[in-house]
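Please read the points below with the model open beside you.

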Amino acid sequence: MKTKILLIGGFNKAKSLAKSLIKKGYKVTAINKDMECCQLLAQIEHLTVFVGDGTKPFVLEDANAHNADIAIALTDSDADNLVICKLCKNKYNVKKTVALISDPKKTDFFYHMGIDSVVCAISVISNVIEQQAFLDEMATLVPIGEGRISIAQIPISQAAPVVDKKLWEIKLPKEVIIGCIMRGEKNIVPRGDTRILAGDVLVLISSNEHEVAAIQELTGR
Amino acid sequence: MGLFKTIKKQNYTIIIGCSRMGANLADTLSSAGRSVLIIDRTEEAFKKLSPFFGGISLVGDGTEILVLNEADIKHATEVVAVTNSDNTNILLALLAKEHFGVGHVIARLSDPERECVYQEFGIETICPAELSAKEINRLLSVEEVVEEDE
């Protein structure tokens, strides 16, 4: 049986999420308050659309919320998203609920309220922008744990201050670790006495606050 | 913050949302000698309070944890959520009860269908629509009785 996903609120977010989820083979239903938004959403193939306020139980009932496996609340209001997720969870026994929130300070509170996954768009986006703005040298960056931890891939150029230094000679912040050094075809799990060479690519695991400092220390930027 | 230290020990009520209902309640409680703090997003809303209101009014978004901290919500004995949005009231009530551990929380709810969200958390709700319907019903049935008597 196909996994059924319910998207509540949000127009652009719902649109792109619906498209990508349908492509991956999920059965997606969208609920939106606005008639115009619904008409535009309805143009997406295989997407079921309902008009109505998703914080009202009868609207969720119409949209078959009790059959949904995952409910994702995407409205602009934190309060609405909380109510949607609580209703889905308590009244309709949806297995997994995801809420988008705008106030990062309420993340813990939302988890405490039994919501399975809380995504704070603002903190994720601001982290990404910060990283993009300062560190254009980076090849890839994977944020995990709501963006609190990230794994970055850092190429070491000839000009970098850490070239030919041993790991214990580099002053890295405490919450940062070099997990792997990719040197040509080889992958090295480094120790304190491993020397960094020009052309190495370092895999860096770090907490968000220390990432920028660590990368500056390594690349000199 | 020094302002609040003096009222900590007494019964201290926070009302969020200076709607007509909020203002009325604040006036009543305050004239009964209770410590009252009322929060609303706009300064304008406090005009609804009576000129003799003896409590504190605080401008700010009541759903923000910072604002609630400023209101010293941890030491409140009661929190009443009467903003004009049901969902905001639910959020506020849950915040007060679960995050700040306030003992007595009351929320206004215009759509009684959402009540199931409150039930498991022991939050009291009042539903003006239901209350009015009951009252009107009472008045009507009284009239009917009178007519029958004649």
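1. A residue is called buried under 20% relative accessible area, exposed over 50%, and partly exposed in between (1.4 Å probe, protein chains only). By this rule Asp116(A), at 34%, is partly exposed. Lys89(A), at 25%, is partly exposed as well.

2. This is a predicted model, in which local features need pLDDT of at least 70 and side-chain atom pairs count only at pLDDT 80 or more, while totals for chains, interfaces and linings use all residues. Residues are numbered from 1 along each chain as its sequence is written, chains are lettered from A and ligands numbered from 1 in the order in which they are written, and side-chain values use heavy atoms, with hydrogens and water left out.

3. Side chains of opposite charge can pair when their charged atoms come close. A salt bridge here is a side-chain nitrogen of Lys or Arg within 4 Å of a carboxyl oxygen of Asp or Glu. Helices (H or I, at least four residues) and strands (E, at least two) are DSSP runs, numbered from the N terminus.

4. In chain B, Glu78(B) and Arg34(B) form a salt bridge at 2.9 Å, N to O. This pair also links distant parts of its chain, 44 residues apart. Glu78(B) is buried because its relative accessible area is 15%, whereas Arg34(B), at 32%, is partly exposed.

5. Which residue forms a salt bridge with Lys106(A)? The partner is Asp103(A), with the closest N and O atoms 3.0 Å apart. Both residues are buried.

6. The whole structure has one aromatic pair. Rings of Phe, Tyr and Trp (its six-membered ring) pair if their centres lie within 6.5 Å; planes under 30 degrees apart are stacked, over 60 edge-to-face, and the rest tilted. Phe109(A) and Phe110(A) are edge-to-face, 6.0 Å centre to centre with 80° between the planes.

7. Contact (heavy atoms within 4.5 Å) between the chains takes 19 residues from chain B and 20 residues from chain A. Across this interface there are zero salt bridges.
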